[in-house]
Amino acid sequence: MVTSSILVLFLLGLTAASVLAVAARILHVKEDPRVVSVEACLPGANCGGCGYPGCSAAATAVVNGDAPPELCVAANMETATRIAAIMGSEVQFKEPKVATNICSGGSRANLLFDYKGVEDCRAEALLYGGEKSCGIGCIGLGTCVKVCGFNAIRLSDAGLPVVDWNACRSCGKCAEACPTGAIRISSVASVLLHLNQTDDCLAPCMQKCPAQINVRRYIQQLKQGDMRGAMLTIKEHNPLPLAVGRVCPAPCENICRRKIVDEGVAIHTLHRYVADWEMQSGTRVNLHCNPPSGHKVAIIGGGPAGLSCAYFLRRVGHEPVIFEKREHIGGMMRGIIPEYRLPAKVVDWEVQTILNLGVETRTGVAFGRDVTLADLEKEGFEAVFIATGAWKVPPLGIDNDDAEGVLDSISFLHGVGHVYTDLRGKTVAVVGGSNTAMDVVRSAARLGAEVVALVPCIQRKMSANKEEILRAVEIGGDLRYMTAPLAIEVENGAVSGVTYCDLAYDNPEKPVGEPKPVSGTKAFVRADMVIAATDRLVDDGPLCDAEGKPMFKKDKKTGGITANPTTLQTDIPNVFVGGEVHTGRSILIQAVADGRRAARAIHFHVTEGAVPEPDNQQVQVIPESILKDMRVNYSIPRVQEPLISMDERRHTFKEEVAGSIAYEKARKEASRCLRCGLTCYDADAGAEYTLDEDVTVINAPGGE
Amino acid sequence: MDYFMLFVSAIFINNIVLVQYLGTCPFMGTSKSTDVAIGMGAAVIFVMLMATAFTWPLQHYVLTPYGIGYLQTIVFILVIASLVQFVELFLKKVIPPLHASLGLFLPLITTNCAVMGVAIMVQRSNYSFVKAMAFSLASGIGFLIALVIISSIRERLDVSPVPTVFRGIPVALITAGVMSLVFLAFQGMAA
Ligand code: SF4
Ligand code: SF4
């Protein structure tokens with residue numbers, strides 16, 4: 001029995017072994033030794049982020065020449081270089097990417113969705129991946145945590161995913177697995193060039209800011225004391241935070257959700273606080289720039305739009321050169337906007353940050369005179385961005401508008417401090433209601449003049465910021481609303497005053513349209529100087545070709561060069577425009593935003609030859625993001641910026657009127673931010689200040 | 001009706017993992033994610049069918065006629081292991097994508113007691129060849145179902161506030177125990 005057993009087993013084993021041996025021979029798959037070496041270089045996570053079923057398949061693809069050495073999304077440049085060495089090829093620069101959670105909702109998202117049984121949105125999401133009213137927010141399923149092969153994501157106590165950027169290898173699994181799209185994989189370039197889309201989670205402030213700054217995120221970072229992070233968040237969309245933090249009229253604050261219950265968050269003050277923190281620290285926050293791509297771009301005009309475009313192009317890796325007609329880079333920010341609002345040294349510091357990234361400048365070079373489009377093309381520039389601004393002030397178009405003593409706003413503001421040093425005992429009449437007009441009023445008043453401003457509308461309809469109007473009145477400016485000049489009176493060849501009339505709207509109850517002169521209301525105001533600050537127009541002299549014909553079509557309403565509103569591409573495919581030369585007179589942050597849009601378009605134009613329009617672009621405020629009512633539990637009064645005294649304002653030109661706030665105040669203001677999502681918000685924001693005496697508890701948290 | 005009862009019995013009443021307690025190591029080891037669980041379940045079904053297809057004739061035409069039935073266990077191990085090896089070689093050459101997706105699981109199954117258990121149970125019950133195949137298919141499905149259920153639960157557990165000491169395997173074992181109790185409720189429905 002023993003013998004037969006051994007025999008049977010032996011025979012069976014032998015048969016099996018022989019069959020396997022034969023099979024191994026016949027079915028042998030010849031493996032390239034390079035596949036093994038390449039596979040050994042790969043991290044072996046089998047994450048599939050490269051598009052192949054696993055590292056072994058990825059290695060085979062590299063060896064077969066179907067994929068480049070840098071294919072692995074989870075590996076770094078070093079790995080790619082090692083693979084390239086095995087393959088005897090070169091590595092291309094690969095931008096590092098990371099996953100980011102775009103939802104700040106978390107448990108608060110749940111507050112909005114009271115559990116209503118099986119048909120509840122969350123139950124549906126769990127069972128069928130169903131819908132909920134906010135198509136984007138995180139509902140804390142944790143799918144991302146589970147699929148991450150690198151342990152780079154965890155769920156915070158609030159049920160929100162937190163990404164460990166050091167561990168993240170950007171394989172994209174989380175983004176793929178997230179049923180609500182709350183996690184994205186992004187590289188520096190893709191963040192810098194991303195335009196708001198309706199399927200992003202957009203707080204109202206982010207929708208309204210022309211530059212689309214992630215307000216919610218930087219305010220939160222500021223609150224947590226992560227100033228560097230806050231600075232980097234701002235610089236994702238705004239390379240000029242010091243200037244914008246000082247002169248922006250902050251349209252975001254008007255739409256801030258907090259305004260439904262009390263006052264909007266002082267976003268603008270916090271923006272300035274973060275920017276000042278960097279300047280006061282004396283060191284510049286390090287910005288990541290991709291290595292030079294070899295694409296050269298000419299930028300005409302060193303104002304905010306030009307600087308912004310240069311900054312974004314340099315950060316994504318291109319090589320911009322700024323051509324500036326004046327001696328200084330900075331455009332109207334330097335020398336036109338008065339020192340007490342935006343000091344030149346602040347502008348210089350900020351401009352230097354941008355130039356330090358490796359942006360070349362050629363000053364004293366005028367477009368159309370010293371350099372033309374043809375010259376630029378010859379020099380190897382693949383695209384041109386025109387941002388020459390709107391510097392021409394139109395004459396008033398009334399009798400004697402060219403008399404001695406009649407000036408335009410730009411020349412006056414430019415001359416303040418050196419040409420015009422003392423206007424004591426003089427009267428200055430200013431015509432217009434723009435920010436520039438208010439700058440003129442304030443500057444002339446500081447020089448000692450008595451100032452009368454003829455404003456052609458009611459205060460609410462003025463284009464100047466509310467703050468600026470207030471400051472102009474505070475310093476003694478006599479703003480005469482609803483008036484228009486009729487003629488400039490002259491004595492001995494020089495200005496002696498202005499005659500003007502009153503204006504009225506057709507229906508005084510509903511001030512719409514242009515107000516019309518009221519007959520029989522003629523009045524006279526004595527003046528030694530009349531300054532026209534009605535408008536600023538694009539100077540199209542340099543924008544004509546050799547025969548003097550205009551190169552571009554102009555928009556009749558704004559007077560700016562027409563271009564595709566998203567891509568800013570003109571009729572000449574490699575020429576883009578932005579800033580006031582495109583929009584007509586506008587605000588600083590709009591120019592900055594244009595610079596980024598243009599940089600995006602130029603990037604695609606020089607790398608891919610065509611500029612794609614983003615899908616679902618957000619152009620208007622998304623209706624459901626503006627809730628009708630909301631419940632907030634704590635009311636904290638809005639922070640006030642410190643201002644210097646009226647006396648100081650009259651005697652110094654160098655000191656800024658508005659100062660920076662202290663950190664504690666900034667933190668408290670930041671706590672007022674509700675961290676809004678598209679439809680959710682944090683009703684408990686600011687709870688940590690409950691015990692402060694200026695804080696009111698409105699609703700007891702937890703109660704209905 | 002016969003076959004229907006056979007299926008119900010193999011899948012639910014005598015579920016290979018939850019009632020017979022066979023194949024618990026892959027049940028615990030590969031049940032962290034539903035995708036992997038489905039892959040593993042499919043591979044097990046495939047191997048169980050192959051194993052029965054080879055061991056049934058071996059038992060009926062070699063071991064029983066020659067009176068060496070006592071060698072069953074060792075012979076089955078040898079045959080199943082060689083079979084899996086062969087299948088692996090075959091897939092790698094002929095259907096590389098299938099090999100790539102199954103690759104990890106095939107060696108895992110080589111010495112899986114669930115496969116072995118089914119091969120032996122088939123002989124004990126004296127099934128005909130067709131019935132034997134049906135039984136192994138149903139047992140495989142039972143394994144797949146158990147695996148998918150526990151992996152779905154474990155996926156939720158991963159992100160649930162489980163006390164730290166229970167995290168991972170402990171809570172998985174408790175869950176498996178509860179599942180087992182649930183399956184025991186089928187007991188008595190049929191043989
Ligand atoms: S991305 Fe890298 S780690 Fe992931 S499967 Fe591909 S090669 Fe492997
Ligand atoms: S509360 Fe904060 S996030 Fe919400 S709109 Fe205002 S600033 Fe933006």
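Biologist: Which residues surround ligand 2?

Modeller: In this predicted model, the shell holds A:Ala203, A:Pro204, A:Cys205, A:Val215, A:Cys256, A:Arg257, A:Ile267, A:Cys673, A:Leu674 and A:Cys676. A residue counts as near if one of its heavy atoms lies within 4 Å of the molecule. Residues are numbered from 1 along each chain as its sequence is written, with chains lettered from A and ligands numbered from 1 in written order. Local features need pLDDT of at least 70, side-chain atom pairs pLDDT 80 or more, while totals for chains, interfaces and linings use all residues, and side-chain values use heavy atoms, without hydrogens and water.

Biologist: What makes the shell around ligand 2 nonpolar, polar or charged?

Modeller: Ala, Val, Leu, Ile, Met, Phe, Trp, Tyr, Cys and Pro count as nonpolar, Asp, Glu, Lys and Arg as charged, and the others, Gly among them, as polar. The shell therefore divides into nine nonpolar, no polar and one charged.

Biologist: How do you know how many residues of chain A and chain B are in contact?

Modeller: Contact means heavy atoms within 4.5 Å, and 23 residues of chain A meet that rule with 18 of chain B.

Biologist: What is the area buried between chain A and chain B?

Modeller: About 1,700 Å², with carbon and sulfur atoms giving 79%. Buried area is the accessible area (1.4 Å probe) that two parts lose on being put together, summed over both. In chain A, A:Leu20, A:Leu27 and A:Lys146 lose the most, together 31% of what that side buries.
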